[in-house]
Amino acid sequence: MLDVRSILYAPGKKLDFQFDLDLSDLDFAGERPIQQPVSVTGSVRNGADVLTLNLTASTVLHTHCDRCGKELNLEKTTPYTCVLAQELQDEDNDEDFILLQNGFADVETLARDAFILSMDTKILCQEDCKGLCPRCGADLNLGPCGCPDFGSSINS
């Protein structure tokens, strides 16, 4: 929990933060690609009595291409921004605001949720990955495999 009480009523003030998240226990489609800590850096800025939280969560994912199976190490960076509020003025518009809990913001949960929600559902080694031949299993990124019906087809 991040204590923002020191800048709550101080326009122009800023509070920086940095921490690591361990998300190595999370399973995505049978893989655990987050083997390294997720580094989170950010700040909360009071601009005219509006607290804006900005954070960036980043790590290197250890995963495989969904088309050809090639092992990949991908840098993953997720930015996240929200407004922190002590109370909601308009109950119908709570999507853009995160409520403070007695002057504290749960930045770990915010970073965790933002990072998880930004995970790609399909990971490719390259945008135009051709995948594997369904007949012989050859990597079509390296060229046609020679199978009469499948050697030059592109799998999706």
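Strands here are DSSP runs of E with at least two residues, helices are runs of H or I with at least four residues, and both are numbered from the N terminus.

Before going further, a note on the source. This is a predicted model, in which local features need pLDDT of at least 70 and side-chain atom pairs count only at pLDDT 80 or more, while totals for chains, interfaces and linings use all residues. Residues are numbered from 1 along each chain as its sequence is written, and side-chain values use heavy atoms, with hydrogens and water left out.

Let me turn to the sheet. Strand E3 (residues 38–47) and E4 run antiparallel and are joined by 9 bridges; two strands pair if DSSP finds at least two bridges between them. Gly42 has Leu55 in E4 as its bridge partner. The two strands form a hairpin with 2 residues between them, and Ala48 in the turn has a positive phi of about 55 degrees.

On to the next pairing. E4 and strand E5 (residues 71–85) are also antiparallel, with 14 bridges, and Ser58 is partnered by Thr77 in E5. This hairpin has 6 residues between its strands, and Gly69 in the turn shows a positive phi of about 85 degrees.

In what order do the strands of the open sheet lie? The order of the 5 strands is E2-E3-E4-E5-E6, with mixed pairing. Strand E2 (14–21) and strand E6 (97–99) are the edge strands, each pairing on one side only.

Within E4 (residues 50–64), I would draw attention to Thr59. Thr59 is buried, at a relative accessible area of 10%; buried means under 20%, exposed over 50%, and partly exposed in between, with a 1.4 Å probe and protein chains only. A polar atom of the Thr59 side chain lies 3.4 Å from the backbone oxygen of Gln36. Leaving aside residues up to four places away in sequence, Thr59 touches several residues, including Ile34, Leu74 and Phe115, where contact means heavy atoms within 4.5 Å.

Phe115 brings us to helix H1 (residues 107–117), where Val107, Leu110, Ala111, Ala114 and Phe115 are buried. They lie on the same side of H1, because they cover an arc of only 120 degrees around the axis, taken from the directions from the helix axis to the C-beta atoms.

Thr109 is also in H1, and at 35% relative accessibility Thr109 is partly exposed. Thr109 and Leu21 are 88 residues apart in sequence and 9.7 Å apart in space, C-alpha to C-alpha.

Technical notes:
Polar contact = N/O pair within 3.5 Å; in protein donor to acceptor, adjacent residues only side chain to side chain.
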